[in-house]
Amino acid sequence: LINDTPLKSFPFKIIHKESPDHRGIDVGLIYNSESFSPVEYKYYPLLIDSAALDTRELMYVSGVLNGTDTLHIFGNHWPSRYSGLLETKDLRKAAALLLKSKVDELFVKYKAPKIVIVGDFNDNPEDEALKDILKAGKSELPVVDEKLYNLFFDLKRDNQGSLKFQSQWFVFDQVIVSGSLLSAESGFFVKPENAKIIVQPYLLEDDKKFGGKKPFRTYYGYNYNGGFSDHLPVLLQLNSAN
């Protein structure tokens with residue numbers, strides 16, 4: 001992507017590790033090396049009964065943004081619902097526990113760390129793994145630095161979301177931040193309204209079976225469809241308080 005596309009015109013670099021996922025799906029980061037300087041990165045496997053699951057690992061990256069502020073980033077791709085919602089629910093709860101433990105470590109190690117959590121959670125914001133286990137709730141006052149806020153928690157899903165199954169839209173792709181990013185008076189901060197699902201016409205196609213639009217995906221099974229993804233991208237805009 002950064003060497004063989006128009007992105008090669010920019011100083012992008014990557015952080016990436018092959019995951020144990022049998023389909024070859026990994027979690028990685030592309031970053032602008034002129035504005036973001038990684039300090040540390042780790043990949044944490046999802047363990048079930050002390051054995052690593054053949055699924056995507058939790059990615060953690062910390063770095064300095066524009067030479068002024070430290071950002072902690074967690075990239076996620078939680079176990080899918082492919083085998084059934086109830087059959088896979090405990091796997092996503094385990095992923096939430098793993099992420100919660102790593103976030104709590106940052107809260108102990110640093111004062112008011114600025115944390116961004118993104119990815120495909122294969123659950124909606126109000127589902128148990130995200131709301132009750134990770135404890136990522138609605139962004140509301142008063143903001144607590146050492147709490148997590150899901151910026152998509154109140155997103156209305158009437159004919160919108162980040163992916164569509166049959167006629168129903170879901171918000172599986174989300175942006176979660178620590179309270180310190182919402183209340184920051186120096187460095188970088190975020191506004192809840194600046195977290196968005198990107199809906200552009202070229203990312204959609206007509207849904208001939210269920211009506212309306214749906215994401216323009218690359219493949220249907222083994223058949224090449226020529227699109228981008230069965231998920232829509234999400235965006236978080238950071239603002240400078242300085």
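Student: What does the accessible surface of the protein chain come to?
Tutor: In this predicted model, about 13600 Å². Carbon and sulfur atoms account for 52% of that accessible surface.

Student: And how many of the residues count as buried, as a percentage?
Tutor: 42% of the 242 residues in the protein chain count as buried.

Student: How many helices and strands are there?
Tutor: The protein chain has three helices and 21 strands.

Student: Switching to aspartate 173. Where does that lie?
Tutor: Aspartate 173 is in strand β13, which covers residues 173-178.

Student: Is aspartate 173 buried or exposed?
Tutor: Buried, and without a salt bridge. The nearest side chain of opposite charge belongs to arginine 56, which is 10 Å away. A salt bridge has to be within 4 Å.

Student: Then which side chains does the aspartate 173 side chain make polar contacts with?
Tutor: One is the side chain of serine 162, at 2.6 Å. Another is the side chain of histidine 231, at 2.7 Å.

Student: What else is aspartate 173 in contact with, leaving aside neighbours within four places in sequence?
Tutor: Besides Ser162 and His231, the list has Gly119, Asp120, Phe152, Leu163, Leu232 and Val234.

Student: Back to the chain as a whole. Of contacts between residues at least 6 apart in sequence, what percentage join residues at least 24 apart?
Tutor: In the protein chain, 61% of those contacts do.

How values were computed
Residues numbered from 1 in each chain as written. Predicted model: local features only at pLDDT ≥ 70, side-chain atom pairs only at ≥ 80, totals over all residues. Heavy atoms only, no water. Helix = DSSP H or I, 4+ residues; strand = E, 2+ residues; numbered from the N terminus. Buried < 20%, exposed > 50% of the residue type's maximum accessible area, 1.4 Å probe, protein only. Lys, Arg positive; Asp, Glu negative; His and termini not counted. Polar contact = N/O pair within 3.5 Å; in protein donor to acceptor, adjacent residues only side chain to side chain. Contact = heavy atoms within 4.5 Å. Areas by Shrake-Rupley, 256 points an atom, 1.4 Å probe, with all protein chains shown as cover.
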